[in-house]
Amino acid sequence: MVLPPEVHTALTQLLQGLQSTDNAIRTQAEERLNTEWVAQRPDMALIGLAEQMQGSQAEGTRAFAAVLFRRISTRTSKDATTGEQRETFLQLSYLQRTDIRSTLLLCHANEPRAPVRNKIADAVAEIARQYADEQILNPDGSRDTWPELLNALFQASQSPDVGMRESAFRILETTPGIIEKQHEEVVLGVFQKGIKDEAAQVRLATMAAFSSFFQSLAKKSQQKYYALIPDVLNTLIPLKEAQDSENLTKALMAIIDLAEIASKMFKNVFGDLVQLCISMIQDKGLDDQARQNALELMATFADQNPTMCRKDPNYTEQMVTQCLSLMTDVGADDEDNAAEWNEQEDMDFDESDSNHVAGEQTMDRLANKLGGQIILPPTFTWLPRMITSGSWRDRHAALMAISAISEGCQELMEGELDKVLDLVVPALSDPHPRVRWAGCNALGQMSTDFKGTMQTKYHQVVLPALIPVLAASEPRVQSHAAAALVNFCEEAEKEILEPYLDTLLEHLMRLLQNEKRFVQEQALSTIATVADSAESTFGKWYGQLMPLLFNVLQQPNERELRLLRAKAMECATLIALAVGKERMGQDAVTLVNALGNVQAGITDDDDPQESYLLHCWGRMCRVLGQDFVPYLQAVMPPLMKLAQAKADIQLLDDEENVAQIEQEEGWELVPLKGKYIGIKTSTLDDKFMAVELLTVYAQNLEKGFADYVGTVMDTVAIPGLAFFFHDPVRVASAKCVPQLLGSYKAAYGASSPEYSQLWKATIEKVLEVLETEPAIETLAEMYQCFYESVEVSGDDCLSNEQMAIFITSAESVLKDFQTRVQKRMEEANEREDGEEPDEEAQFAIEDDQTLLSDMNKAFHTIFKHQKQTFLPHWERLLNYYDLFVSNQDDTQRQWALCILDDVLEFCGPASWNYHSHIVQPLIAGMRDNAPANRQAACYGVGVAAHKGGDAWAEFAAGSLPILFEVTQRSNARSDDDAFATENACASIAKILHYNNGKVPNVQEVVAHWIETLPVVNDEEAAPYAYSFLAELIDRQNPVVMSQAARCFTFVAQALEAETLQGNMAQRIVGAARKLVTTAGLDANQLLGGLPPETQQTVQAFFG
């Protein structure tokens, strides 16, 4: 088809106008393009542009026509025939599409100029993508896949013209979907030829195309392409020898993509690849980016296939050496005085592309993936030498390495902390400020990675060394010391901090007078953390600090002071939480008014005070309790505005729009069929925080928040459950719903018509999202929302219809779960040679475990409040329980056992109707090697004895030998097994108490049972075990009397472990007193045999 000359004349004028440097002419041309061409005759526009690419003499016109063609062809509008949104090209007739395709291929084949050909190639690739993504039909109804394209590309890939060969592979790279199964053999040959092409740019284009194509394949089809790997790696050597950093960087990127999805295909060449990459990382003649990409490739193997890395004799040692070497490449412009570094005030200064950061991040990944046993020996071969080196860069790198590996090597390093601290602490007095900064960094990181141990065992090493650094002469060092103290204090108990508070706060108060604002801001954050951890012991400093903070809040709202004011608000409200309402007195009202003034003064969208304010109001609500209610009328309107915000979404089909959005902060770009959807995430983050804060108000104010519940539920929480643009908003809404119900219930009562109306509307929506929520992780939160809501509403709150809907959605979830498990098993079978599941797969397993756990709690809560009325609905899932309870997966067996326990516990004798589904799983469960499953089964037997009545009595008594087996396992008292053991002990006690008529030799069993005490871990099991012991003491049972001293010790151990508390503890203490008297024991002698802490506890109880 050839358009009339007058159409081409008009189109030529249009193209000239669109390229004009005169804004007015260009705007006018764009208007004509949109209204006269795209809207009214898109077929003419696309055909005309294709013919301009083919026939125009002007190179610029051909290139611009190709760009414009691509842009118009991808625009979406409503298709006149189907009414659906479709891309412009797909709305053309079959003949028009076919003609345009032919023209494009001719243009591509005949275009003499490479830059123009590349733009035509982009247009071809775009149309190819549409054919790959959409079901486009031929007139006979079969699928149209543009078969001529592949043939044209194969021919182009064999062309004598280098540029043409390269272009063919560029198109294949962007649309690998056009290659169908029947072409795979031919394609393999094309790639093999391209990868050995004499021209470097063709080899690179082939690699990129192969990488893209390989990623599009199903796992089963990948193997036949493994043969290409040696050729792929051979492309690297000439690039390295030529010091061609730019192309080497591109080649490595393609190989990284391959390693991410099929690391095992490199198995036979891995040793050579390690040596090659190490030589690149070492090669200072290459650009940093090329060296870092070689490092990234090696790190990718650690992520994807740690076993292959561990087995290679050179990998770990060489990688650690190279990482440490890169980490010394720091502060090139900063000689020994670090003056420039000291002057740098932007704490968010981006160094992510520098060698030392690449080295640190890779050390972190190696430690996490390979583990301490592999990483620590080569690392600590270097560190002692580096930390005592005369070069500050070596010392700095050693400290940053400790920071980087401490998380991954946590288990092994924790046992050697004193030696590690011997290396780190002296650095705090190093002559070089950057080394002192790195010392602070290491201590801060270690305080998080070894939390608990660092604070309890090493506070006297860390704090006396770190606090004086707050007085350093360099602001950056002072600030970083204060930041490290945040990490330490966050995890410290107030008793540990108390002796240091005076010196610590004196130093921090001085920092508030520092001339550098970033130091003041950090000091406020640290004071806030100290207050949060020190709690009431912070009161001594209240009088000095609060006036300073009020002073900051009363300063004019100047832009550069906003973050400081925000930190002051955070600090003041955390101090308020620490010292409480009584200590604050009138200051509480002053602070709330100050926050109100700040809120009234916020006018700019980017004011950091706004997000800080949300949390500050939440804290003041917790401090003031019901006294906060009068402030709600001022606080709620701006909060509701944020909470009710709609998603700001834009469809971007223009590269300029995409580029513009990429430059702006607070946007996320989601690719969709060759275009992008822009989502403004900053709005959504604010919405999420606002919903969280509404939850805090409802939770803390209870009935005081009731006036707002209806509006919040209708306009925020319920719509938020289905807010699919932002998972955190859905999660926050799910947490909000039960708190809103609780607030309304506190105001009106559960049986009131007001509450019933709210409950009916709410539970319908909550049940709805259990069926529609697409994300596994968020679905678990929806189940939590459901069971917490049922818990608030209480007994018999669900109708038969609602229980039926619940079971339908649960069944659908279980089916999907089984499909995912099956798929994971298939993937596991395909893995080989220690190839580990990727992080995504591990997260997916964890998400499923969380989902099953929250579903379990939902069943538990329904049984608890609906009792036997739930059984007819629950029966629908029996076949799933039968499958799960015999599954090889521990989690699935546990899931089924826990729900069988609920049936026994809440349905009493009626549960016997299901004994054929329950008995065998409990017996097998008590012998299960997974401790959690033994615990669940032992608990179930105890519940059967306690709640099951006569029907279950025989089974319960018959289970005694197996319960004793559980308590006699070789590791019965280990951390993992203790709960199973203690549940067995409690269940034996229940059987002896409730079913002793079925136990033939009670005294003999009691004597064995005493051997299963004490219960010092499980707070639910302990009351049953010790109540039975008290009963035996009251009856002066001869077995107990003959072992009175041991029984007294068992009671003391439970009191010390706090598994007995409140009235139950008092009751057991009473029985133990009686035991001492009746058995004529010497109390002082008994006490003397106990550890000192236990003695103190026992004396507190016994007086």
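Helix packing, salt bridges and cysteines in a predicted model

In helix α55, F1048, A1052, L1055 and E1056 make contact with E1093, T1094, T1097, V1098, F1101 and F1102 of helix α58. By type, the residues of this contact comprise six nonpolar, two polar and two charged. The structure is a predicted model, and the geometry described here is computed from its atoms. Helix α55 covers residues 1044–1057 and helix α58 covers residues 1092–1102. Their axes are 9 Å apart and the angle between the two helices is about 95 degrees. Angles of 65 to 115 degrees count as roughly perpendicular, so α55 is roughly perpendicular to α58.

The salt bridges come next. Side chains of opposite charge can pair when their charged atoms come close. A search of the whole structure finds 42 salt bridges. One of them joins R730 and E773, with a distance of 2.7 Å from N to O. R730 belongs to helix α39 (residues 727–748), whereas E773 sits in the loop between α40 (753–772) and α41 (776–793), so this pair ties together parts that are 43 residues apart in sequence. Both partners fall under the 20% limit for buried residues: R730 has a relative accessible area of 1% and is therefore buried, and E773, at 8% relative accessibility, counts as buried too.

K735 counts as partly exposed, at 37% relative accessibility.

Another salt bridge is formed by E954 and K998, with the closest N and O atoms 3.6 Å apart. E954 is in helix α49 (residues 950–958) and K998 is in the loop between α51 (978–994) and α52 (1002–1010), so this bridge ties together parts that are 44 residues apart in sequence. E954 is exposed, with a relative accessible area of 56%, while K998 counts as partly exposed at 43%. Elsewhere, E87, E126, R129 and D133 are linked in a network of salt bridges.

What about covalent links between cysteines? Zero disulfides turn up in a search of the whole structure. A disulfide requires two cysteine sulfur atoms within 2.5 Å. For C616, the closest cysteine sulfur is that of C571, and the separation is 10 Å, so the two are too far apart for a bond. C785 is likewise in no disulfide, and its nearest cysteine sulfur, in C736, is 9.3 Å away. Are these two cysteines buried or exposed? C616 has a relative accessible area of 0% and is buried. C785, at 1% relative accessibility, also counts as buried.

The last stop is an arginine, R165, in helix α8 (residues 162–174). R165 is buried, with a relative accessible area of 8%. Leaving aside residues up to four places away in sequence, R165 touches A156, S157, Q158, S159 and P160, together with D197, E198, A199 and V202. Between R165 and V462, which are 297 residues apart along the chain, the C-alpha atoms are separated by 64 Å.

Conventions: Residues are numbered from 1 along each chain as its sequence is written. This is a predicted model: local features need pLDDT of at least 70, side-chain atom pairs count only at pLDDT 80 or more; totals for chains, interfaces and linings use all residues. Side-chain values use heavy atoms; hydrogens and water are left out. Helices (H or I, at least four residues) and strands (E, at least two) are DSSP runs, numbered from the N terminus. Buried means under 20% relative accessible area, exposed over 50%, partly exposed in between (1.4 Å probe, protein chains only). Contact means heavy atoms within 4.5 Å. A salt bridge is a side-chain nitrogen of Lys or Arg within 4 Å of a carboxyl oxygen of Asp or Glu. Axes are lines fitted to C-alpha atoms, for helices over the stretch in contact, and angles run from 0 to 180 degrees between N-to-C directions. Angles under 35 degrees count as roughly parallel, over 145 as roughly antiparallel, 65 to 115 as roughly perpendicular and the rest as oblique. Ala, Val, Leu, Ile, Met, Phe, Trp, Tyr, Cys and Pro count as nonpolar, Asp, Glu, Lys and Arg as charged, and the others, Gly among them, as polar.
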